[in-house]
Amino acid sequence: MVGLRRAKTLLFVVLVVMATTIANGAKMLKENDKDEPSKGSGETIDVKASGAKGDGITDDSKAFADAWKKACESKSPSKIKVRKGKYLVKTLEFKGPCKSAVTFEMDGHIMAPSKATPGKPHCGWINFEKLENFNLNGHGAIFDGQGATAWKINDCAKTGKCNTLPINIRITGLTNSKIKGIKSTNSKLFHMNIINCKNLTLEDIGIDAPPESLNTDGIHIGRSDGVRLVRAKIKTGDDCISIGDGTENFLVENVECGPGHGIAIGSLGKYPNEQPVRGVTIRRSLIKNTDNGVRIKTWPGSPPGIVSNILFQDITMDNVSLPILIDQVYCPHGHCKKGGPSKVKLSDITYRDIKGTSASKVAVKLLCSPGVPCTNITLSNIDFVYTGKKGPAVSACSDVKPKLKGKMEPPACTEKAKPDS
């Protein structure tokens, strides 16, 4: 009996110690909660709670600015909620760096003022800048630039100056971020401009403007590394995608382009000290009813430059005027220096599994620079049919000797490429 009593006493002491330890732990946790905020998700900020009306008439700019300020200053990840509605806003600056990650959850549409007011060169209407781990979930949200008035006053064909109207969405200095499910429509100038970004994903993107909308490039990218564009439908009055200097490791996949001017690397060589373009892959895409298909364009009389490690693969062309084009004497509207050949060096470029219909007799045109001829250009499984009445499609080349693999229709380089052909 004595042994049993001692065992019961010992068990009681153990239970008391455990209870005291648990209670002290809970107390410490509670005190720590007071000293340090939770590291979980922060609050959700509703722009309507910040004063937005979402009626398409009232200027909601301040409500968006106030919501952004609160979210950007939050020490824990936060969300900005944009409910269904039409929000009229002037220029907005969603600028970091922020204290923690910010996510936009957008179910409403954003509208720009219809009046065309020129601003500083390369200015933006909606600006995302210097953000890390930023997410924009659009759920089909529309950014409407209301650009019809601007297209009528755009005189860049005469002046060569086309950059003072606002870009719909300007994305500058984003890192490890994602933008998904948005549509840009009727931009006054470029729809999306991506500069100085790293590890940025664009997914399920829509671009929509009529063919007469001048200089409304769908997506322009430059000086960025590790950008991915996956699933997009782009209809516009200029290049669906234009790739500027300093672009590296850029993937374009499952894009439908047209109408417009096609997908272009360049133009390059207009300015000194342009950075190389390397590691661009464009694949599994459709280009339809465009002036060009996949194009590389550089200016004559240019400073030195580099374009290398480029892959165009598994692309279908439907009624495209010039499906494959290298143009190293690019000179729109006569605004160029013709004092010498382009010095932008093109090398290690592959066109693989590209097929469809050409709206012009010249389906493949490789017009390289006599100053720095193209090297290591590969044509592999090319199959084009000319839909006109001037005979079969032809391929024209100058200052290049491409490597040929697989099917080749039209036969490669049967004519000399000329600037005016």
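Me: How do you know that β14 and β16 pair, and in which sense?
Reply: The model is a predicted one, in which local features need pLDDT of at least 70, side-chain atom pairs count only at pLDDT 80 or more, and totals for chains, interfaces and linings use all residues. Residues are numbered from 1 along each chain as its sequence is written, and side-chain values use heavy atoms, with hydrogens and water left out. Two strands pair if DSSP finds at least two bridges between them; β14 and β16 have seven, so they pair, in the parallel sense. Asp225 stands opposite Glu248 in β16.

Me: What makes β12 a partner of both β10 and β14?
Reply: Strand β10 (residues 167-185) is joined to strand β12 (residues 198-208) by eight bridges, and the two run parallel. Between β12 and strand β14 (residues 225-235) there are nine bridges, again in the parallel sense. Ile207 is the bridge partner of Ser184, and Ile207 also stands opposite Ile234 in β14. Gly206 has Lys233 as its bridge partner in β14.

Me: What makes a segment count as a helix or a strand, and how many of each does the protein have?
Reply: Helices (H or I, at least four residues) and strands (E, at least two) are DSSP runs, numbered from the N terminus. The protein has four helices and 27 strands.

Me: What span is expected of α2, and what span does α2 reach?
Reply: The expected span is 1.5 Å times one less than the number of residues. α2 has twelve residues and reaches 16 Å from its first C-alpha to its last, close to the 16 Å expected.

Me: Why are the buried residues of α2 said to line one face?
Reply: Buried means under 20% relative accessible area, exposed over 50%, and partly exposed in between (1.4 Å probe, protein chains only). The buried residues of α2 include Phe64, Ala67, Trp68 and Ala71. Seen down the axis of α2, the buried residues fall within an arc of 165 degrees (taken from the directions from the helix axis to the C-beta atoms), so they line one face of the helix. In general, an α-helix has 3.6 residues a turn, so residues three or four places apart point the same way.

Me: Why is Ser74 called buried, and what does Ser74 touch?
Reply: Ser74 has 13% relative accessibility and therefore counts as buried. Ser74 is in the loop between α2 (61-72) and β3 (78-82). Leaving aside residues up to four places away in sequence, Ser74 touches Lys99 and Ser100 (contact: heavy atoms within 4.5 Å).

Me: Why is His261 called partly exposed?
Reply: The relative accessibility of His261 is 23%, so His261 counts as partly exposed. His261 lies in the loop between β16 (248-257) and β17 (263-268). Beyond residues up to four places away in sequence, the residues that His261 touches include Asp238, Asp291 and Arg295. The side chain of His261 reaches the backbone oxygen of Gly237 at 3.4 Å.

Me: What does UniProt say of His261?
Reply: An unreviewed UniProt entry carries the annotation "active site" for His261. Such annotations may be inferred rather than shown by experiment.

Me: Why is His335 called partly exposed?
Reply: His335 has a relative accessible area of 32%, and is therefore partly exposed. His335 lies in the loop between β21 (324-327) and β22 (344-358).

Methods. A polar contact is a pair of N or O atoms within 3.5 Å; within protein, one must be able to donate a hydrogen and the other to accept it, and residues adjacent in sequence count only if both atoms are side-chain atoms.
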